[in-house]
Structures are given as C-alpha cells and as structure tokens.
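Okay, thanks for coming, everyone. I'd like to walk you through one model today, so let me put it up on the screen.

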Amino acid sequence: MPEIVKFEMPRVETVVQGVGAVREIGAELDRRDLKRVFLVTGHSVGSSEAFAALASDLGDRVVGIFDQVKAHNPVELIVDLITAAKSAQAEAFVAVGGGSPVDAAKLAAIGLCEGSESVEDLARNYLVFEYPNTIHQKPLTGTPMPVFAVPTTLSAAEWDGFAGSVDHTRDTKDLTVYLEATPQVVFLDPEFCAHTPRDLWATTGVRALDHAVETAYAKNAHPFTTALANGALTMLAENLPRSVKDPHDYDAALKCLEAAWMSIIGVHNVSLGLSHAIGHQLGAVGIPHGVTSCIMLPHVMRFLEPVTSAEQARMAQSLAQVQGDGEDLPAADRLERILDELGVPRRVSEFGVGRDKMDGVARATLGDIVVRESPRPVDETVVYGLLETVW
C-alpha cells in the first residue's frame, strides 16, 4: 500500500520569459509595492553594459549595488552583503547572474531575517548532515526578504531555497536550505544571456543535465519530477550545443533556460545525488560550479548503473533519438558525446588542485545532504576512488 508522502510545491510566484523580460522587473516590483531594491551580482556581469541598462531602467528604486560576489560565495562576503543591504534599508534583492549571485541574495535574505552579523551567526542556519540520514536544521524565526532572480547561466539556483557558501578555512561548502528563501519572481531573458561567456553557458548547461539525471534516478524519485527531468534531458541535448555555438539563437537559449527550470523544480522533494555531493566539495577547493558536473557526472553514472539500469536505459534512448547515430550506447557514453561536442573540462588537475586535497573532498562529501539519495551506498573509499578516476 502506498505510504503517505508530502510534496512541497515550488515557491516561485511568477516567471517572466522572453526577449526583453528584464524590462518587466520594475512592473513586478511595483505590483508588490517594493520600492527599495538592492542589486546583487558579480564583477563580470556588474561591469557590463547590459547590467548598467538594467540598473538604469529600475531608476531610483535601486538603493544599492553589491557587485563583489565570487564563485561559490566565500562566506565573509555574505556578511558584507548583509551589512550593505541593512544599511541601505533595502526591501528586496534583485540577483543578476549565475548561481552564486542568486545564492548570495538568498543567504543574505536569510541572514537579515535572522539578525546575522558575522560568519558565526550565519553558521547557525547551515544544514548539518550526518551520513546516512541524520539532519540538523534550525527553524527560521522570521520571513526572508523577497528575492527576484535574473539568471544568466543554466545553474538553476533561482528555482529553490538551497544556497551554498564556502568557508575556505575548512575547505568546505556549506548548505543553507529553506523553501521560504526561494526567489519570488524569475526573469528568463535569452537576449540578456547572450552576454554570458560561452564556456560558462556550456558548463552550467551540463550542470542542468546533472540535475535532470540525478533527480530521475534518485532513491526518492517522483513521477512528476521524473517526467520533467526526462523532458529537460532531451531539450538540453537538442539546444545546448546550438546555444553554445550561437549566443544570438534566442530560441535555443530560452529552451535551455526552460530545461534548466524543468530539471530542478521539485528539488525540495526529490534530492540531487552523488555527483552533486562530490561537486559541491570540489567547488570548495576551487573547481568552478558547472565544471564539477562535467568532471563527475559520467563516472558517477557508471558507478550507479548496476542499480539504475532501467532509468539509464530510458536516458540512453532519449539521447539516442537526439543524436540519431543508430548505435547502442549506454547513457554515460551518450552524455560524454555531448561533453566532447561542448569541449568542456574533464579533469580536476586542469585547475591546479592537488591530489592531496582529495582526502578532504571525500570526507566532506559524506557530510553533504544530497548524498543521502544516492541509489547506491557510498563511503569515503568509494568517493576517493571516483576522485582518483577524474583527478
């Protein structure tokens, strides 16, 4: 008899999509009577003409700009963002960029409602996981400030309340997870995304593929999310190479943004898995966010194939229809053909990360909550072996 399961629906209220979608930010702020907004981005996007036009369009609603976000969010910068937004008496964040600016806005929104003023304060809201299934999480005492998101990559951080930060004193990536921190409004603008470097677009697109794969064969997979994940896999296989080749192919870019959305929309119910768990901790030692999926996903798929053969056979069939070569190949090999076409990095050593860091990465992986839904049990030895394969 089926057991009772609670499924938390996504908390995003509105999605505005299409060429020029960013010009609707002001109207959505006005509709919610939000008059004082704080823009959050990184230096690259923040110094672009497109960002300047966005900020100009919002006019005197903008009470501050934080353009110092860095990859994986070093936690001390989140403290700086909280201080700046509090001083400006901001009423909402508008995060513009990839996963790191969106996560930074979510973390700052949580920190403001919890009265956090230091790294130690922020740590009170980290989700603490002990393998295989022990979770410690402090309930929120307030309501996070609204976050609007303008993604410029395919990392898909805008669709959930997960947010990551890095403590470089421990070489560890920490997760803060609250549904209430999910962005309220998301703007999918393929024209705005045309400014994103193609290598970044490619690697974060592989990150979206990783979302689709891992939610489709998670231990707690759900038919609602599996159907979306399978659709996302096909859409990305068809459109990601096109969009990487031509940033002005707005149809392909929008389909990639939609597929990234589909790949992760139920993540508070159906967890990501081993590739992401290892990837989070590779990020803590200096590997870019999307690149970790390029490195890990095919190898994790092969490790899990003995217990996910049916799911991976469906993936292989979907990818074969797109690739159209008539060969009988496993899903991991099909995925690697996409990676080869995209020309993405595939080795940890390409980023100057020493083999001596791998013990710590393996250890930290078992403290990452998403590893709990790996369809096959793991320990440090298993994780280290996978890391040796990709080093």
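So, how much space lies in the largest cavity? About 50 Å³. Before I go on, a word on what you're looking at: this is a predicted model, so local features need pLDDT of at least 70, side-chain atom pairs count only at pLDDT 80 or more, and totals for chains, interfaces and linings use all residues. Residues are numbered from 1 along each chain as its sequence is written, and side-chain values use heavy atoms, with hydrogens and water left out.

Back to the holes. By cavity I mean a set of points, on a 1 Å grid over the protein atoms alone, where a 1.4 Å probe fits but cannot get out. A pocket is an open set with protein on both sides within 12 Å along at least five of seven lines, and lining residues have an atom within 4 Å of a point. For volumes, grid points are joined across faces, edges and corners, and we take the space filled by probe spheres set on the points.

Searching the whole structure turns up four cavities of 30 Å³ or more. The largest cavity is lined by V75, L107, I110, G111, L122, N125, Y126, S165 and T176. Helix 5, residues 99-113, gives the most to that lining, with three residues. Helices here are DSSP runs (H or I, at least four residues), strands are E runs of at least two, and both are numbered from the N terminus. By class, that lining has five nonpolar, four polar and no charged residues. The classes go like this: Ala, Val, Leu, Ile, Met, Phe, Trp, Tyr, Cys and Pro are nonpolar, Asp, Glu, Lys and Arg are charged, and the others, Gly among them, are polar.

The second largest cavity comes in at about 40 Å³.

Next, helix 10, residues 250-264. How far apart are its end C-alpha atoms? They're 22 Å apart, which agrees with the 21 Å its 15 residues should span at 1.5 Å a residue (the expected span is 1.5 Å times one less than the number of residues). Its buried residues are A252, A253, L254, C256, L257, A259, A260, S263 and I264. Buried means under 20% relative accessible area, exposed over 50%, and partly exposed in between, with a 1.4 Å probe and protein chains only. Covering them are, among others, strand 1 (14-17), strand 10 (185-188), helix 7 (190-193), helix 8 (198-216) and helix 9 (223-245).

From S263, let's hop to M315: the two are 52 residues apart in sequence and 13 Å apart in space, C-alpha to C-alpha. M315 sits in helix 13, residues 309-323, and is buried, at 1% relative accessible area. Leaving out residues up to four places away in sequence, M315 touches V213, A216, Y217, L233, M301 and A331, a contact being heavy atoms within 4.5 Å.

On to salt bridges, meaning a side-chain nitrogen of Lys or Arg within 4 Å of a carboxyl oxygen of Asp or Glu. The structure holds 28 of them. One is R302 with E336, at 2.8 Å, N to O. R302 lies in helix 12 (289-304) and E336 in helix 14 (331-342), so this pair ties together parts that are 34 residues apart in sequence. R302 is partly exposed at 35%, while E336 is buried at 18%. Another is R334 with D325, at 2.7 Å; R334 is buried, at 0% relative accessibility, and D325 is partly exposed at 28%. Salt bridges with shared partners also join R302, D333, E336, D340 and R346 into one network.

Most residues other than glycine have a negative phi, and most peptide bonds are trans. Here, though, Y131 and P132 are joined by a cis peptide bond, with omega about 15°. P132 is in the loop between strand 5 (128-130) and strand 6 (134-136). Q89, not a glycine, has a positive phi of about 55°, and Q89 counts as exposed at 58%. And D33, in the loop between helix 1 and strand 2, has phi near 60°.
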